[in-house]
Amino acid sequence: MKRASLNLELNFDFKIGLADQIVSRITEKILDGYLQPGLMLPSIRTLAAQLKVSVDTVVSAYKELEEQGFIKAKRGSGFVVLKNESVLIQTNEKKTPAVASIEKIKLSERARFAEKLSGYFERNNYKNRPFVVYGSGLAKLLDKEWTKQAAMVARSPWNHTDYSDPAGFLPLRRAIAARLLQHRGIKCSAENVIITNGTVQNLNLVFKVLFEPGDTLAMESPSASMFSQIAFFNGLHVHHIPVSERGLTKEHLESLPTGVRGLFVSPANQTPLSVTMEENCRQAVLERAFATKSWILEADIENIVWYNGMPLKPLRAEEGSEHRVVYMDSFTLQFYPGIKIGYLVVPDGYEKAFAGAKLMSDRSSSEQSQAILARFLESSSYDSHLRKLRKKFRNSLSSLQKTIAQHLLGFGHLSNTKCGSHIAFHLDSIPDVEASIKLKEKGILVRPLSSFGGKCSKMNGFMMGFGSFSEEEIQKAVLEIKEVLKTFLHR
């Protein structure tokens, strides 16, 4: 019987959970079809030697996989992969009366829109390969204190098992408010903080609470297509406002039509162009919001990692902004995508409305996850984690800029990135979508700028993440990009 080759990679930085990692990796390979039914897994001692873990660790992992029904022990042979199929519940054998034709109920317009959005997620787009923006490799930077706090919560599984406050676990909201004042100059109370599942839920809650169907929202262009699609799904009209390589300009802001009820912006590091809003435009954005009694929705996920001088001041840190700015962030960049914790800072008087909207959305987020994060934010280890994170990102950005200068400047130019986790490389003439498809075949993931939504002006190039990759990985990937781009010059 054929024996499988697993090629598993474990993260030893955590120093716990190795058996769980093995279970997760093997389960994924079975569900993805890489491990077909009937294949034999490596023997316990063989896999332990390959992964450099104890035999007991592999025994524990195989036992868990067997209990879950993914594998089965065969006497004298080892463990074999089972067929993964759902259990069908048998009802009575009475046949359904024959029907000549059953007319299918048509999907509503909103349902058809949601159906299209279901294709947004593609697993391969989030694998930790150069140059994905938010990859699982970010978890390698985590401090040991994170593991310690996670283990403490795991040892008391009877705690934090009730429904959480819809607004979020109070100790976490207090910790976030304290850290916002320390790192971003934002003054707010724990009551102003609403815990969410991340950026997508942030936007859904804001659109439901602060806007009515039919309202118009202004949004930067280009921007992530998902953002405008969430607005459409909530019945809003979107007016795209162009962003150039200089950022959002005061002139473009002044050209907004009357009746715009809100402006969605990312002042620190715009997605995907990686530019920062100019100072005169910052003031104009705030002045317009007060003059028109409209909202500013500030996305600030990138501002925790900065490169030149002091951190950029959020709009929400400006005097009086607490009356007009709804501030949103998530912990994806600081930790890893699967943490699924974000938050809103909402104005006084709107706290209960947002908590109620969160309740109607999914009742509450997991209190166990919130408790781990709260403990970590309250510890001094969070500060050392940020220092380590910033150092890694600075080194990776420097390596990427240097390597692109050596090999790619004949094909285009880089954006002037001041903070965040990604840069924009503008191609002179080579079509970015075609080039990105060829690069994906080589295991390199770049987002073509032309694929982003709200194209007020034509953009051509790549959005490239860099924070979770080594200098060697960056250099190798850039050389691959060079070879692919060269093929377009000879067509």
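This note comments on a predicted model, point by point.

1. Confidence. The chain has a mean pLDDT of 88, and 93% of its residues reach 70 or more. Residues 86-93 have a pLDDT below 50, and this stretch makes zero contacts in the model beyond near neighbours in sequence.

2. Helix packing. Helix α6 (residues 170-184) and helix α12 (residues 367-378) have axes that come within 8 Å and cross at roughly 35°. The crossing of α6 past α12 is left-handed. On the α6 side, Pro 171, Leu 172, Ala 175, Ile 176 and Arg 179 take part, and they meet Gln 370, Leu 373, Ala 374, Leu 377 and Glu 378 of α12. Sorted by class, this contact comprises seven nonpolar, one polar and two charged residues.

3. Aromatic pairs. The whole structure contains 16 aromatic pairs. One of them joins Trp 146 and Tyr 336 edge-to-face, with 6.4 Å centre to centre and 85° between the planes. Trp 146 belongs to helix α5 (residues 144-154), whereas Tyr 336 sits in the loop between β8 and β9, 190 residues apart. Trp 146 is buried, because its relative accessible area is 7%, under the 20% limit; Tyr 336, at 23%, is partly exposed.

4. A tilted pair. The ring centres of Phe 331 and Tyr 343 are 5.7 Å apart and the planes lie at 45°, so this pair is tilted. Phe 331 is in the loop between β8 and β9, and Tyr 343 is in strand β9. Phe 331 counts as buried at 3% relative accessibility, and Tyr 343 counts as buried at 3%.

5. The ring cluster. Ring pairs connect Trp 146, Phe 331, Phe 335, Tyr 336, Tyr 343, Phe 376 and Tyr 382 into a cluster.

Definitions and conventions:
Residues numbered from 1 in each chain as written. Predicted model: local features only at pLDDT ≥ 70, side-chain atom pairs only at ≥ 80, totals over all residues. Heavy atoms only, no water. pLDDT = per-residue confidence, 0-100. Contact = heavy atoms within 4.5 Å. Axes fitted to C-alpha atoms, helices over the stretch in contact; angles between N-to-C directions. Helix = DSSP H or I, 4+ residues; strand = E, 2+ residues; numbered from the N terminus. Left-handed = near helix turned anticlockwise from the far one by under 90°. Nonpolar A, V, L, I, M, F, W, Y, C, P; charged D, E, K, R; others polar. Phe/Tyr/Trp six-rings, centres within 6.5 Å; stacked < 30°, edge-to-face > 60°. Buried < 20%, exposed > 50% of the residue type's maximum accessible area, 1.4 Å probe, protein only.
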